[in-house]
Amino acid sequence: MIFSKNKEEITSFQIVTLHTSGMRLTADYEIVMKGNEAEVSEYFIRYSENKDERVLERRAVISAEAALRLLNDCRLISWDGFHGAHPRGVLDGTMFSLKAVVNEGSVIKAEGSQNFPKRYREFTDGLYGILSEADKKQE
């Protein structure tokens, strides 16, 4: 599915995975392309029987266009190679790593510790919004 020829834009994707961890919670957020739709999932990582277990918390299905709009509004393509070192003097915080396969096989990788790329908050807020909207529809 291709929507634009602009190299600064994500025109298609296979999977986007955001891994976050902090003092109390470790989670994965995934967006997977499935035809003309995208599946957005939230997994919590729980330690059970001496191993990490990835447990699905909630899932939403949105249009491929909506998923691409989120990725491009947050300029995810510009995050490639971002390494946000933990700020000096900060004792706590959130760590993240992102891997995305976009535009027919290009890979975007980013990571940080209490140091995030521009529009990171807009991206996570967008994911939460999508998942929360799906929760409301199921009630």
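The largest nonpolar core holds 33 residues, and those with the most contacts inside it are F13, V16, I31, L98 and F123. Such a core is a set of buried Ala, Val, Leu, Ile, Met, Phe, Trp, Tyr and Cys residues joined through side-chain atoms within 4.5 Å; buried means under 20% relative accessible area (1.4 Å probe, protein chains only). Elements that each supply at least two residues of this core include β1 (13-21), β2 (26-34), α1 (64-73) and α2 (120-138). The largest share, six residues, comes from α2.

This is a predicted model: local features need pLDDT of at least 70, side-chain atom pairs count only at pLDDT 80 or more, and totals for chains, interfaces and linings use all residues. Residues are numbered from 1 along each chain as its sequence is written, and side-chain values use heavy atoms, with hydrogens and water left out.

The chain has two helices and seven strands, taken as DSSP runs (H or I, at least four residues; E, at least two) numbered from the N terminus. Their pattern along the sequence is β-β-β-β-α-β-β-β-α. Strands pair if DSSP finds at least two bridges between them.

| Strands | Sense | Bridges |
|---|---|---|
| β5 and β7 | parallel | three bridges |
| β6 and β7 | antiparallel | eight bridges |

F82 has A110 in β7 as its bridge partner, and A100 has I108 in β7. Three residues separate β6 and β7 in their hairpin, where N103 in the turn has a positive phi of about 45 degrees.

The C-alpha trace spans about 45 × 40 × 25 Å along its principal axes. Buried residues make up 38% of the 139 residues.

Technical notes:
Buried < 20%, exposed > 50% of the residue type's maximum accessible area, 1.4 Å probe, protein only.
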